[in-house]
Each structure stands twice: as structure tokens, then as C-alpha cells.
Amino acid sequence: MPARIRPLLVPACLAGATAAAFCLGLAMGAHWVDPVDVVRALAGSGDRFALLTVNELRLPRALVGLLAGAAFGVAGAVFQTVTRNPLASPDMIGISAGAAVAVVAGIVLGIDPAGLGLAGGLLAALVVYLLAWNQGTTGYRIILVGVGVTWVCTSTTSWLLTKAELYQAQQAVGWLVGNLGDSTWQDVPALAVSAAVLVPGVLLLGGWLRTLQLGDEIATGLGTPVQRARLVLLLAGVGLVAFATAAAGPIAFIALASPQIARRLAGAAAPPVLASGLTGALVVLAADLLARQVQLPVGVVTGVFGAPFLMWLLIRKNRYA
Amino acid sequence: MPELRATGVRLAYHNNMVVVDDLDLTVPDGRISVIVGANASGKSTLLRALARLLIPRAGSVHLDGRSIHEMPTRQVATQVGILPQGPVAPEGLTVGDLVGRGRAPHQRWWHQWSATDEHEVAEALRLTGLTDLARRPVDELSGGQRQRAWIAMAIAQGTPILLLDEPTTYLDLAHQIDVLDLIVDLNRREGRTVVMVLHDLNQACRYADHMIAMRSGRIVAEGGPAEVITAELVEEVFGLRCRVIADPVAGTPLVLPVGRHVVEPG
């Protein structure tokens with residue numbers, strides 16, 4: 001029965017494509033490294049050149065892309081489901097911008113940005129929550145408040161940049177567009193640990209996501225502790241976005257688009273969590289492959305493709321909502 | 001059968017305007033109770049409080065002697081099923097999937113889907129006549145089918161008590177009767193206790209075992225439809241001049257409004 005196979009087949013295909021993009025990312029670059037040599041380098045043998053390029057330069061970049069993409073995708077699925085609004089993804093309602101301003105502040109002031117990203121994301125989420133949530137989560141209110149929070153964060157970021165030393169500003173701007181080119185092994189541990197804890201956590205709470213989709217009252221009737229469930233899920237989403245942003249920069253549109261792409265691929269009523277994460281990882285890795293060819297940061301590539309997608313989503317939302 | 005009882009409840013919304021004050025109600029076991037009253041009489045508010053969707057400012061709602069606001073919400077969900085007014089399914093959600101979600105209170109993250117769940121969902125679809133539509137998206141169904149899908153979800157939840165807020169709103173007359181007959185089936189065949197809010201007094205008289213008439217947040221009268229519904233009570237509760245006769249089909253009270261323009265014969 002195809003209706004039953006599809007929910008399994010789609011993540012399997014996405015996982016295969018993501019693995020392919022990941023391996024291609026290790027092989028491709030200024031110098032082509034044969035897949036056989038890639039595998040040997042990963043196993044710790046082979047010539048020094050391959051060991052250096054694959055293990056020290058390309059592997060951290062591919063890992064950050066994989067994990068950050070998955071984190072953005074899962075966080076987007078959580079936000080869109082909990083708010084029942086396809087536009088209310090963390091990059092649209094100021095969470096990414098909040099994490100970004102904190103990270104830029106960290107770069108300018110010389111503080112480790114990973115923890116700051118989490119603080120900034122949480123603070124932005126708290127502001128959005130206080131201003132928009134008490135009257136219910138759905139509708140355009142959360143988007144408008146989110147746009148406001150995003151602007152406050154963006155102008156603060158610009159102000160910080162005018163105060164920064166030139167080399168700091170350069171580093172910050174390079175990071176702000178979403179860039180995997182500077183990824184090193186230093187970026188991996190915090191991101192890997194957060195993803196390893198939060199992604200399975202969100203998957204285990206899938207039952208809450210399924211009832212919350214039906215509205216707060218129905219969810220309560222079905223035994224979901226709505227307030228607590230929403231808080232836990234959104235905190236997990238903020239955590240994913242904050243760590244991914246600290247490591248890779250606020251890569252545009254991944255959190256917004258991946259869950260919607262995954263939803264359509266899976267033929268589901270709401271973004272499936274696992275498929276959204278895999279889609280996020282695949283899109284970031286594929287965009288980075290393209291970005292390397294044209295010597296641009298990955299965030300520029302996702303932005304170019306993401307903007308038309310956003311417009312399409314807005315038009316559809318207006319027509320059906 | 002678990003007992004659902006409200007004691008001295010005061011209910012208010014965010015603006016602090018008290019809608020219901022010092023109200024006592026014990027839901028009769030295994031019967032169909034219908035709450036009637038004019039707009040803003042507090043009938044939906046009362047139902048929401050019984051469903052723990054609204055926390056009383058004073059007093060309490062008890063399920064088998066325990067406060068439903070202090071019980072784990074999942075535990076309440078195995079005893080009390082609720083269907084609020086005008087629920088909206090996410091675009092593309094299939095009927096089978098929606099009904100399956102009614103099993104949520106019986107599932108844990110380590111125990112997702114059992115043969116019992118499968119059976120209960122199939123049974124709920126059969127009872128509501130939706131078996132052939134299980135693969136169709138809810139938003140593509142007609143209004144009557146859609147309402148039956150939501151009721152099927154509540155059936156699959158398998159609770160001894162069902163609370164329904166105006167389950168017939170937006171349906172044409174034939175579908176209203178269809179839904180009400182289905183609710184009677186649930187009550188008679190499976191012995192489920194039903195409490196619902198209905199707008200139409202005559203339908204309330206026809207389908208209620210127990211009537212609860214409300215005005216300005218108070219219960220004005222309670223009992224069998226024949227005892228409760230009199231011309232005087234309808235005038236008091238709804239401010240409507242009327243005559244009450246025996247329904248020639250079922251023998252239950254039938255309310256005939258007088259209005260201002262009728263010239264009464266004789």
C-alpha cells in the first residue's frame with residue numbers, strides 16, 4: 001500500500017541523497033579527491049595531502065553543514081507545527097536574528113559566541129512570546145511581532161558593526177550571511193552535542209506535535225499538557241537554532257523552507273520532523289556544493305533560491321488562509 | 001461510570017467579566033444532557049469548564065471526586081472526550097489520521113500504536129459511516145462528513161463521557177438529525193454519558209434525556225424535557241412568547257414561537 005510506504009520511503013531517499021551530498025562535499029573542492037581516497041582518509045590512512053584536505057578542511061565543513069541544516073530543518077518543523085503557521089519559522093520571527101546579534105556582540109567584544117547565541121535566541125523568543133503569545137499563537141500577529149523583533153536585532157547588529165574593529169567587522173559580516181567556508185573542528189562539538197540531544201528529543205515528543213496541530217482545545221481534550229508541551233518544544237527549537245546559528249551563521253530560509261518541502265514530499269498535513277531535518281541537511285549541503293563552485297557563502301545561495309519560495313508561500317497562504 | 005460534578009463554580013474570561021457564578025451541576029450518568037439558553041447565557045462556558053478548558057475562579061469541577069484541574073490531563077483524557085465548536089483540521093490531514101489521533105491518550109512514546117488502537121479506529125469509522133472515506137483529506141469533505149469525522153475522533157478516544165459544544169452548527173437540517181442520531185446511538189449502544197450544548201430548542205427536547213436551561217450564568221431549570229420546557233420557562237429563559245405542544249412525531253415538547261405579527265385564530 002503506497003500510502004503506508006511513503007512515510008518511510010521519503011526519509012530513506014532523503015537520507016541517501018544527504019549521504020551522497022555529504023560524500024561529494026568531501027571529494028569536491030579546489031582539488032578533487034577520489035572517493036576511494038576519501039574513505040581511506042576517513043579511516044586514517046592514505047597520503048598526507050588527502051588526510052589534510054579531507055579530515056582537516058572538508059570534514060568539519062561538511063559536518064557543520066549537515067548538523068546545522070538538520071537543526072534548522074527540525075526547528076522549523078517544530079515552530080511551524082506548534083504555531084500552526086507555515087510562516088512562523090525561527091528565521092522569520094526573530095529567533096535567528098536574536099542569536100545573530102548576540103554572536104556578533106561576542107565577536108566584537110571577544111567572547112565565545114556559542115553560549116551567547118543561545119542567550120540571544122532565548123531572549124528574542126521570550127520577547128516574541130510575551131508580545132504575541134497571550135492572545136493565541138496563530139495568525140499574523142506572531143509574524144508582525146517577529147518582524148519587529150528581527151528589525152530591532154538587525155539594527156543592533158549594524159550598530160555593533162560600526163563600533164567594531166575592521167578585522168572583527170569582516171569576520172562578523174562573513175559569518176552573518178551564513179558561511180561554511182570558515183568551519184573548523186572547533187565549531188563541531190557544541191553543535192553535535194546539541195543536535196544529538198535535541199533532535200531525538202523532538203522526535204520522541206512527536207505525539208505532542210500531532211495533537212497540537214489540531215488546536216489547543218482538541219489537544220487538551222486528547223490529554224496533551226498544552227502549555228508545557230508548547231514551552232518544551234519551542235525551547236528545543238530555540239536551542240537547535242541558536243547552536244546552529246553560532247556554528248554556521250543564520251543560513252537564510254532553511255528553517256522556513258525545509259519543513260514545507262518535506263511536508264510536500266511526504267504528502268503529510270504537517271511538516272514531518274525527521275524528513276524536515278534531512279531536507280534541511282540536504283539543502284544546506286547541496287547549496288554549499290554550488291556555493292563552492294561560484295565562490296560565494298552558502299547563505300547567499302540559499303537566499304537566492306529561498307526568496308522566491310517565500311513569495312510563493314505568501315501567495316498560497318493568502319489564497320487559502 | 002465516572003461522575004462529573006461542578007460545585008460552586010465561578011467562571012470568567014480574560015476581561016474578568018463573570019459569566020457563570022456559584023453554579024452546581026452533577027452530570028447524570030449514562031444519559032444525554034442538553035444545555036440550552038439564550039446567547040451569552042454561559043452555556044458554552046459551563047461546558048468548557050466541565051471539559052477543563054477553563055479554570056474556575058472559584059469552586060471546582062470534580063471527576064470521581066478528584067479535581068480535574070489537578071489530575072494529570074492525560075488521565076482526564078481517558079475519561080472525558082471533548083469536541084469544541086468549529087474545530088479546524090490542518091490542510092491535507094486524512095480522515096483516518098484524524099480519527100487515529102483520538103487514540104493519543106492511550107499511547108506513550110515507547111508504545112505508539114497497538115492492535116487495540118487499530119480496532120477502535122476501525123470501529124469509530126464504521127459507526128460514523130466513514131470507512132470508505134478514511135484516505136480522504138478532512139478539508140475536502142462536506143460539512144456533515146467533516147463533523148462526523150471529528151465525532152469519530154472523539155469516539156476513538158473511547159471515553160465514557162463525551163462533551164460536545166453545538167455539534168450541529170453549520171449543518172443543514174438532514175445532517176443535523178444525522179449527527180444527533182449518531183450521538184443517540186453512542187449513548188444507547190455503548191452507554192456513554194453525553195453532555196452537549198444545542199441552539200435549537202425543539203431538537204434539544206427531542207434528543208435530551210435531561211435538560212439544563214440557563215439564563216445569565218445560572219441554571220433556571222433542570223430535568224426531563226417535558227417537565228422543564230413550558231411556555232413560562234421559555235419566556236423567562238429566552239424572552240420569547242410561545243406555545244408548547246406535544247411533538248406529533250415523538251411526543252416530546254414542541255416550542256412554537258408566537259412573534260409579533262401572528263393573528264392567533266380563535
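B:Arg243 sits across from B:Leu256, a residue of E12(B). The strands behind this are E11 (residues 242–246) and E12 (residues 253–257) of chain B, which pair in the antiparallel sense over 5 bridges. Two strands count as paired if DSSP finds at least two bridges between them, and helices (H or I, at least four residues) and strands (E, at least two) are DSSP runs, numbered from the N terminus. The hairpin has 6 residues between its strands, and B:Gly251 takes a positive phi near 85° there.

All of this comes from a predicted model, where local features need pLDDT of at least 70, side-chain atom pairs count only at pLDDT 80 or more, and totals for chains, interfaces and linings use all residues. Residues are numbered from 1 along each chain as its sequence is written, while chains are lettered from A and ligands numbered from 1 in the order in which they are written.

## The open sheet in chain B

Chain B also has an open sheet of 4 strands, in the order E2-E1-E4-E5 with antiparallel pairing. Its edges are E2 (18–26) and E5 (66–67) of chain B, each pairing on one side only. E1 (residues 4–12) and E4 (residues 58–63) of chain B are joined by 5 antiparallel bridges, and B:Arg5 stands opposite B:His62 in E4(B).

Helix H1 (residues 43–50) of chain B packs on this sheet, touching E1, E2 and E4 of chain B. The direction of H1(B) makes about 125° with that of E1(B) (axes are lines fitted to C-alpha atoms, for helices over the stretch in contact, and angles run from 0 to 180 degrees between N-to-C directions).

## Helix H2 in chain A

Over in chain A, helix H2 (residues 35–42) has A:Asp37, A:Val38 and A:Ala41 buried. Buried means that 20 or more other C-beta atoms, placed from the backbone, lie within 10 Å of a residue's own; exposed means 12 or fewer, and partly exposed is in between. Looking down the axis of H2(A), the buried residues fall within an arc of 105°, so they line one face of the helix. That arc is taken from the directions from the helix axis to the C-beta atoms.

The face turned away from the buried side of H2(A) carries exposed A:Pro35 and A:Val36. Just after H2(A), A:Gly44 has a positive phi of about 95°.

## Where the chains meet

In total, 19 residues of chain A are in contact with 26 residues of chain B (contact means C-beta atoms, placed from the backbone, within 7 Å). On the chain A side, H9 (206–212) and H10 (216–221) are the elements that give two or more residues, and H10(A) gives the most, with 4 residues.

Methods
Two residues are in contact if their C-beta atoms, placed from the backbone, lie within 7 Å.
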